Amino acid sequence: MDKRKQKKKCTETSAQPDEMSKGSPPTAICKKTRNSRKSKIKFRCDYSPTPLKVLQARGWTRVQEPKDNSWDIWWCDTSELKLALDGPVKLEANQRVSHFRNHCELTRKNYLYRNLRRYRRLLVKANKSREAELCNAMPMSFELPAEYRMLVEEHRRCQGTTWIVKPAGGSQGRGIFLFQRLKDLTEWRTKECVMMPDASDLDTVPAVPVATYVVQKYIDNPYLLEGRKFDLRIYVLVTSFQPLKVWLAREGFARLSSEQFSLERIDERRVHLTNMSIQLKTEARKSEGERVQSLGRKLPLNWLRSHLTARHGRELVQRLLRNIAGIIMASLQSVQSVIIPSKNSFELYGYDVLLDANLRPWLLEINASPSLNATDPDDFRLKFDLIDDLLSVLDLERLLTGRETRVGGFDLLWDDAPVWSADQPRELNIFLGADNDRADQLKRLRERLGVTKVPGGGG
Ligand SMILES: Nc1ncnc2c1ncn2[C@@H]1O[C@H](COP(=O)(O)OP(=O)(O)O)[C@@H](O)[C@H]1O
Ligand SMILES: [Mg+2]
């Protein structure tokens with residue numbers, strides 16, 4: 001993080017230092033905020049069941065008529081984004097939409113890799129080696145078909161390496177496989193390209209662009225829990241890219257594979273891919289007895305944090321969390337100049353991060369539409385609270401002072417500069433995997449603001 005840009009963001013109160021500004025916020029802010037409080041919030045949400053439940057639980061009014069443009073927030077699918085942002089009526093400055101226009105700069109695996117590589121070069125030129133190092137967070141990757149030759153060379157150089165092939169715009173583990181011998185990739189590539197029109201047909205058959213794949217070095221020494229591989233799902237809320245404002249959710253989870261890890265079985269997707277969709281398919285196939293024994297499941301981030309702290313000590317775990325936050329910031333800064341700025345957009349990103357046996361975090365991908373469907377009651381609680389707190393951060397009701405560094409389960413990580421913790425002045429405001437006492441925090445926040453309902457309307 002850029003030292004020169006660092007500014008001490010919060011000077012907060014002693015009782016609960018991480019939640020509020022110290023003393024009363026300037027009267028001007030209070031007056032302005034309280035005079036313009038908004039009570040009737042309207043929303044549009046057509047496809048996402050959990051956000052819909054939260055929006056309704058807040059007592060907000062649903063707009064269902066497609067031509068009705070009076071919504072304050074549209075929780076839309078990425079497929080509806082164009083409609084939401086470029087509808088027939090120009091958006092008002094305070095209407096919010098749940099995605100940024102060209103989110104794919106972060107969420108397509110090949111673009112993310114390119115952006116990080118480009119940003120790294122800039123940092124190296126500027127002699128910012130520590131920041132540049134954070135841009136090496138993704139395993140070495142090649143784009144197919146464009147970089148096939150380079151991949152072949154690298155494969156020759158690193159005999160015995162395992163590689164993973166992923167569709168650049170894929171999700172839920174679809175189309176992913178591992179290989180070690182180049183022969184296996186060539187065979188797959190031949191099959192992939194059979195679907196393409198022959199060059200001689202190009203006059204008659206419209207050319208279909210070849211699907212882009214990312215071939216990535218497979219992290220073959222993952223950190224294991226009871227012999228099983230896992231990866232982390234971390235939630236990050238960006239409320240603005242210009243200036244960059246980033247909130248980090250305390251809660252998240254580790255997705256644990258249901259099978260023992262082994263490089264002997266590279267064809268076994270449930271050993272190597274920790275996606276819930278793949279692990280749940282496995283579960284469905286098992287008998288009841290096996291299901292009880294099986295461990296393909298989610299473990300809360302705070303459990304993992306305590307587990308790692310008990311095994312490796314607080315300092316190492318703090319360093320790991322700082323590293324993860326640094327990687328998150330590097331990825332967002334790498335696209336800051338590329339994302340089309342919009343005052344209307346916000347986005348909840350789902351980061352997939354893998355830890356290797358040396359506790360090095362690897363960034364695998366970033367999702368613009370992380371699954372908000374719950375797999376069990378605990379998962380529902382986590383996702384419901386996550387969205388509820390996100391809506392409090394957005395502050396459509398205009399209750400907050402704008403200087404908060406914590407709202408429920410979200411901590412402000414970046415506000416055009418790093419944000420420092422109030423109670424530990426030499427620490428950054430990172431509480432990833434810390435206990436989420438959101439209900440108490442929101443209660444204190446409400447008391448402080450002199451309001452009775454939101455923030456935390458659903459809880
Ligand atoms: N380079 C890698 N090394 C080790 N495991 C990986 C790697 N890339 C992906 N995986 C595993 O495959 C899963 C799916 O990969 P991901 O990049 O998240 O694609 P998808 O969009 O399909 O979820 C990850 O959750 C992880 O378990
Ligand atoms: Mg994924």
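How many nonpolar, polar and charged residues does the shell around ligand 1 have?

Modeller: The model is a predicted one. In its shell around ligand 1, eight residues are nonpolar, seven are polar and five are charged. The shell comprises 20 residues, of which Ser171, Ile219, Leu273, Thr274 and Glu365 are the closest to the ligand. Two or more residues come from each of the elements β6 (163-167), β14 (347-355) and β15 (361-367). At the level of domains, domain 1 (1-107 + 115-138 + 226-259 + 296-459) and domain 2 (140-218) each supply at least three residues to this shell.

Strand β6 also belongs to an open sheet of four strands, ordered β5-β8-β6-β7 and paired in the antiparallel sense. At its edges lie β5 (141-144) and β7 (177-179), each of which pairs on one side only. On average, and ignoring direction, neighbouring strands of the sheet are turned by 25° against each other. Three bridges join β6 and β7 in their antiparallel pairing, and Trp163 is found opposite Phe179 of β7.

Helix α5 lies across β5, β6 and β8 (213-217), and runs at about 60° to β8. This helix, residues 109-125, also packs with α13, residues 314-334, at an angle of about 90°, the axes being 9 Å apart; the two helices are therefore roughly perpendicular to each other. To their contact α5 contributes Leu112, Asn115, Leu116, Arg118 and Tyr119, while α13 contributes Ala330, Ser331, Gln333 and Ser334. By class, four of these contact residues are nonpolar, four polar and one charged.

Notes. Residues are numbered from 1 along each chain as its sequence is written. Chains are lettered from A and ligands numbered from 1 in the order in which they are written. This is a predicted model: local features need pLDDT of at least 70, side-chain atom pairs count only at pLDDT 80 or more; totals for chains, interfaces and linings use all residues. A residue is near a molecule or strand if its C-beta atom, placed from the backbone, lies within 6 Å of it. Ala, Val, Leu, Ile, Met, Phe, Trp, Tyr, Cys and Pro count as nonpolar, Asp, Glu, Lys and Arg as charged, and the others, Gly among them, as polar. Domain bounds come from an automatic or database domain assignment. Axes are lines fitted to C-alpha atoms, for helices over the stretch in contact, and angles run from 0 to 180 degrees between N-to-C directions. Angles under 35 degrees count as roughly parallel, over 145 as roughly antiparallel, 65 to 115 as roughly perpendicular and the rest as oblique. Two residues are in contact if their C-beta atoms, placed from the backbone, lie within 7 Å. Two strands pair if DSSP finds at least two bridges between them.
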